[in-house]
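Work through the exercises below with the sequence and the 3D view side by side. Try each task before you read its solution.

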Amino acid sequence: MEYYNPVKVLIKQGGVMDIGTILQDTFSETKSVLLVIGKKSFEKSKYYSIIHEKLAEYNVFVYRVNNSNPSIDEIYDGYNIIKKFKFEVIIAIGGGSVLDTAKIFSITRNVDLLSRDEFDKYILEGKYKENRKRYKLIAIPTTVGTGSEVTPFAVVWDKNNKKKYSVDDISLYPDIALLDVNLIMSLPKAQVVITALDALSHGVEGYWAKRGNDISRIYSLISIELIIKNLELAIKNPEDVRYKEKLLIASMFAGKSISKSRTTLGHAISYILTMKYDIPHGLAVGIILPHVYELNYHHIEEIEKLKTVLGNMDSSELKIWIKDICDLCKIETNLDYYGFKVDDIDEICKNANVIGRSDNNPIKITNDETKNIIYKIK
Ligand SMILES: [Fe+2]
């Protein structure tokens, strides 16, 4: 059995205040830092100025990721901006798209990619694997969903060709994951739910994934239990740090699970829905999850352990649980609301990235079964 995850995890409320010390202690030669952040709301938060204060001794360049599902075009444009700066360490603060963009930047050290074609070859065709020089990366999540702070992959979208790539290699592991619950206290409750559903899907899919093992499955069980016990409490008690911190930790553990196991059918079907209807990733995987649970149910090893941490819910009960949590935050859970048309069904099934991930699912799924899931969530 094998499990490898080199990310140093720091969990501390207010930990972002220590960012200067962390840099000094861990990367003492550093003089310049690239700060990768998300949309403008973070710049307005007090943490943005706190971070600048704490990094006063360093040259700091800021790069903003403006899109929630960054495309290869946007990352290439970003690369052309950041390559003009000289820095040693990247600090990424944000959701999955920010962390994933920073991971791609981290593998562009000591190369000069002069065209889009060269960039595509380097990133998407894996030439970066020949270059073990990388920027150090500190990943600080501001959502409770992706677990990207502890995984070795980054999702990159190709919006023109309606494709999604997973750049996947050990060189994408961040060096440090800093979990500071203060950064998620102002996250809108709908965002808490949507991103927690992503983490729940990582936990559950990671549990039944063929590539998982006894070590990664333990991380799955911990993460699922934390989410099931704390999500509703976190929504109903938004000021209470305890519940949100549990979700943040759950998301990290689910990330540790899929860093070994990878994801399965739920994720495979979800990407085209996000691409086509702009359904947030966490919501797409969350509404599909009970249906894949139903299909896989009799083929999951040690299902009793999974059921126990799921509060003994079967697939229909899990579906109701997810619907109720979404209703609490007025999140629509039907595809129709997002513009689904029955005429789209063949295109969705064709583009559902089922092939690669079906090998990782406990059972194979047919085109008709995929269709069936789409009809059930429409
Ligand atoms: Fe996900």
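**Exercise 1. Find what covers the buried residues of helix 8.**

Solution. The cover includes helix 7 (189-208), helix 9, helix 12 (303-309) and helix 13 (315-328). The model is predicted: local features need pLDDT of at least 70, side-chain atom pairs count only at pLDDT 80 or more, and totals for chains, interfaces and linings use all residues. Residues are numbered from 1 along each chain as its sequence is written. Helices (H or I, at least four residues) and strands (E, at least two) are DSSP runs, numbered from the N terminus. Two residues are in contact if their C-beta atoms, placed from the backbone, lie within 7 Å.

Next, list the covered residues. A residue is buried if 20 or more other C-beta atoms lie within 10 Å of its own, exposed if 12 or fewer, and partly exposed in between; these C-beta atoms are placed from the backbone. Among the buried residues of helix 8 are Ser216, Tyr219, Ser220, Ser223 and Asn230.

**Exercise 2. Compare the span of helix 8 with the expected span, then locate its bend.**

Solution. Step one: helix 8 covers residues 214-236, which is 23 residues. Step two: the expected span is 1.5 Å times one less than the number of residues. That rule gives 33 Å, and helix 8 reaches 34 Å from its first C-alpha to its last, so the two are close. Step three: helix 8 bends by about 40° at asparagine 230. The bend at a residue is the angle between axes fitted to the seven residues ending there and the seven starting there.

**Exercise 3. Describe how helix 7 and helix 11 meet.**

Solution. Two packed helices are described by the angle between their axes and the distance between the axes. Here the axes come within 7 Å and cross at roughly 30°. Axes are lines fitted to C-alpha atoms, for helices over the stretch in contact, and angles run from 0 to 180 degrees between N-to-C directions. Next, find the residues: Ile194, Leu197 and Trp208 are among those of helix 7, and Leu283, Leu289 and Tyr293 are among those of helix 11.

Finish with helix 11 itself. Helix 11 bends by about 35° at leucine 289, and proline 290 follows within four residues. Of its 16 residues, 14 are buried, so helix 11 is largely enclosed by the rest of the structure.

**Exercise 4. Which residues other than glycine have a positive phi?**

Solution. Most residues other than glycine have a negative phi. Arginine 262 has a positive phi of about 65°. Arginine 262 sits in the loop between helix 9 (241-261) and helix 10 (265-277). Aspartate 278 has a phi near 60°. Aspartate 278 sits in the loop between helix 10 and helix 11 (281-296). Now compare burial: arginine 262 counts as buried, with 24 C-beta neighbours inside 10 Å, whereas aspartate 278 is exposed, with 12.

**Exercise 5. Summarise the whole protein.**

Solution. Count the elements: 16 helices and eight strands. Check burial: 47% of the 378 residues count as buried. Check contacts with a separation of 6 or more: residues 24 or more positions apart account for 81% of them. Last, read the dimensions: the C-alpha trace spans about 55 × 45 × 45 Å along its principal axes.
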